[in-house]
Protein chains: 2
Amino acid sequence: MDSIKVGILGFGVVGSGVVKVLQKNFAEITKRVGQKIEIAAIADLDLKSDRGVKVDRKILTTDGFAVCADPKIDIIVELVGGTGVAGKFIETALDNGKHVVTANKALLSEKGAPLFKLAEQKGKLLLFEAAVGGAIPIIRTLKTSLASEKIEKIYGILNGTCNFILTKLANEGGEFSEVLADAQKRGFAEANPTLDIEGGDTAHKIALLASIAFGTQVDFKQIHIEGITKLSAADFEFARRLNRKIKLVAVAKKENGSLEIRVNPTLLSIDSPLAKIDGVTNAVAFHGKNLGEIILSGPGAGSLPTATAVVGDIIEAARGSEIPSRGIPESSLEKFPMKKIEDVESEYYLRFGVKDEAGVIRDISNVLAKHKLNIRDILQLDLNEFQREVPLVILLHKANEAKVRKAVEEINQLKCVNGKAVVLRVEE
Amino acid sequence: MDSIKVGILGFGVVGSGVVKVLQKNFAEITKRVGQKIEIAAIADLDLKSDRGVKVDRKILTTDGFAVCADPKIDIIVELVGGTGVAGKFIETALDNGKHVVTANKALLSEKGAPLFKLAEQKGKLLLFEAAVGGAIPIIRTLKTSLASEKIEKIYGILNGTCNFILTKLANEGGEFSEVLADAQKRGFAEANPTLDIEGGDTAHKIALLASIAFGTQVDFKQIHIEGITKLSAADFEFARRLNRKIKLVAVAKKENGSLEIRVNPTLLSIDSPLAKIDGVTNAVAFHGKNLGEIILSGPGAGSLPTATAVVGDIIEAARGSEIPSRGIPESSLEKFPMKKIEDVESEYYLRFGVKDEAGVIRDISNVLAKHKLNIRDILQLDLNEFQREVPLVILLHKANEAKVRKAVEEINQLKCVNGKAVVLRVEE
């Protein structure tokens, strides 16, 4: 029996998981592929730390580029991460006629276009199921099962760190910084959590999903990104009283030929399926006219779930797939204008810190009325925890973002208002 | 540009949906496949009824076998259904070197083995994503994304009719027969609902999933099947008070080399993900050591969701997939013994109708103790609705089915007990 030879770049958490999955499930995988999958090389700068797996020392090397050029290797698995040398590795591997499997969402969403083109020129695959939602089969589903559908909207909870923090804040209270510290202690947040909590990681993922769903190259820089650091305990208390949950939601829509792609903390009705996704779990909802709504959920990260997705891609490459890497030939990608965030319409949650005095609601509602913004709910709480100022929350009916911003700026200047308003979106 | 020619057998609800999807999404599908997909023939005995779609009358025929033998057709879509002539159509199509796409779960689960073998001999695909869960990508996920994993357990809510009825009984009360009649009126249940409400349809589907997940041919006749017709209003009232929901759950497990496959009404904790699946929605949960739990959900039936899955399979065949029809070469299928239902262990819910007199609980608990069955919860309700007898519910800790059956038979003979006990399973 022939064997397919794999070279792994990056022997960290996911890399060692890939070795474990390939070793433990060797018999099943061999039967399904009809060929053995053999780990022929592993490259990492650190060849000393114990990874909890047994591999032949002879296949270890510090020279990633040599692995990418090795003529006996069929598939390169890039798990170095980041937007630097990883791109060079992938380029070298493709240039040398190898399939590439990667979990690198940052690289593919920010600098992926030339790599996908190169893969197609070389007749090779550049697969990335593990880049979004761990083992949840999100990308393959878009490329295959839903290839028959015009996807209209995607909603996703795509970052386990954020969802863990938001779930804890909703269920147990506390302030953001404490819960973040706890998440870091428990390994659910990185030492430098910026990419997660400021929404960048979620944006990388929704950019990849939108590019496949809509058959386009998404300009990452045009995505509107808000993180979860501006939220405070008051917002979770209000959400609870409004029968809603706050989630960091990624949205991608195609409407009238233009794209709306954004990441923002969002109040969801507690009955909506994504509101029920708690902890480190990820979920994505696909909407289409014929389809209705399909929801996929599961562990969005972690060594073995991510490795399961990586090995799923290795199997696809080994089986000899004819499905284009992004589900559509690169030459058939179309360009669509991206909606500016100012032109987006949504429902809004506005929280103001106001002085506990007469006339406050009159002054604020004056401004809203002037901008023709229609109030849906209004809620002021005299909570012990928020003694220095009284928090006032206003939910607006569907409105244009530019209008809302103008009104909020004006309200922020009112004498009865302290500091700046927190503005969140509301979705059904 | 070349075109791929499709012949459709059965121009009913799903058949006309397939025509709609292929016509409406023609541009997108053509780009993704790199070829046009053309409907070259449609066979049905009824060529007169209006299907709400426009097709050239010249492609209509009443002769399905002629379509299966037509040398210009590449892919046959079998939507005739049932275990009769449909099998002959598929055989003829494969014999003539065509790929086959079908939604026929009854045929494939009961008589599929020789058809899958024939497909492989001919080097053709026999695809059936639409047979389970409408547009939810369940089968393709098992064959591809999860090909790297040893699946240990599958739990599914796989029948929309049953889930609609169970949801209504849980939320609004009423008796089974009334709610079934309402479901029939609203088009959520067939005129002859037996296959749905007695669990046969769910069993067809879990048999197909188990065969892919475990790489085996499941003997359909050995599946233990219970439907939902034995449930009464009292069970839903008890479930509510026990913080549980009753769902018709399909279970497939592989443990110590043997298979456990069954369909039964089951009490699920209201916090479990499947308990949250309401109405006609379907859902399936896959468990594996590396994977954790992945849940896929969506509309499990209906013309356009099912058609979306059928066209997804047409696209797979048109792209020239190398993935075996059941995810594994037929020659690599293994045989595993099936656990008898008597050997299955689970937690149990027992509802007895008892006389309202002294000594009842003593007599019943005597029998349970004799059989070493451990009571977890006991709940007797003196509800107005159940005046003629008092319903008594006992939840048992994990126990062997044979033991439970023996004890229940003995209890059914007690003087203080009216009629026969309702026995349901309980899963966390």
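The questions and answers below look at the sheets, helices and chain contact of a predicted model.

Q: In what order do the six strands of the open sheet of chain B stand, and is the pairing parallel or antiparallel?
A: Strands of a sheet pair through backbone hydrogen bonds, either parallel or antiparallel. In chain B, six strands form an open sheet, and the pairing within that sheet is parallel. Read across the sheet, the order is β3-β2-β1-β4-β5-β6.

Q: Which strands stand at the edges of that sheet of chain B?
A: A strand at the edge has a single partner strand, so one side of that strand is left without a neighbour in the sheet.

Q: Which residue is the bridge partner of B:V100 in β6(B)?
A: Strand β5 (residues 99-102) of chain B runs parallel to β6(B), and two bridges join these strands. In β6(B), the residue that partners B:V100 is B:L126.

Q: What angle does the direction of α13(B) make with that of β5(B)?
A: Helix α13(B) packs on the sheet, where it touches β1 (3-9), β2 (36-43), β4 (75-78), β5 and β6 of chain B. When the direction of α13(B) is set against that of β5(B), the angle is about 165°.

Q: At what angle do helix α1 and helix α13 of chain B pack?
A: Two packed helices are described by the angle between their axes and the distance between the axes. Residues of α1(B), including B:V14, B:V18 and B:V21, meet residues of α13(B), among them B:L304, B:A307 and B:V311, and by class this contact has nine nonpolar, five polar and one charged residues. The crossing of α1(B) past α13(B) is right-handed. The axes of helix α1 (residues 13-24) and helix α13 (residues 303-319) of chain B lie 8 Å apart, and the helices pack at an angle of about 65°.

Q: Is B:A183 buried or exposed?
A: Residue B:A183 is found in helix α9 (residues 176-185) of chain B. Leaving aside neighbours within four places in sequence, B:A183 is in contact with B:T161, B:F164, B:I165, B:F188 and B:A189. A residue counts as buried if 20 or more other C-beta atoms lie within 10 Å of its own. Because B:A183 has 22 other C-beta atoms within 10 Å, B:A183 is buried.

Q: Which element gives the largest share of the side of chain B that touches chain A?
A: The contact takes 50 residues from chain B and 50 residues from chain A. On the side of chain B, the elements that give two or more residues are α2 (26-33), α7 (138-143), β12 (292-299) and α13. The largest share, ten residues, comes from α13(B).

Q: Which residue in β12(B) stands opposite A:I295?
A: Strand β12 (residues 292-299) of chain A pairs with β12(B) in the antiparallel sense, over three bridges. Within β12(B), the residue that stands opposite A:I295 is B:S297.

Conventions. Residues are numbered from 1 along each chain as its sequence is written. Chains are lettered from A and ligands numbered from 1 in the order in which they are written. This is a predicted model: local features need pLDDT of at least 70, side-chain atom pairs count only at pLDDT 80 or more; totals for chains, interfaces and linings use all residues. Axes are lines fitted to C-alpha atoms, for helices over the stretch in contact, and angles run from 0 to 180 degrees between N-to-C directions. Helices (H or I, at least four residues) and strands (E, at least two) are DSSP runs, numbered from the N terminus. A crossing is left-handed if the near helix is turned anticlockwise from the far one by less than a right angle, and right-handed if clockwise. Two residues are in contact if their C-beta atoms, placed from the backbone, lie within 7 Å. Ala, Val, Leu, Ile, Met, Phe, Trp, Tyr, Cys and Pro count as nonpolar, Asp, Glu, Lys and Arg as charged, and the others, Gly among them, as polar. Two strands pair if DSSP finds at least two bridges between them. A residue is buried if 20 or more other C-beta atoms lie within 10 Å of its own, exposed if 12 or fewer, and partly exposed in between; C-beta atoms are placed from the backbone.
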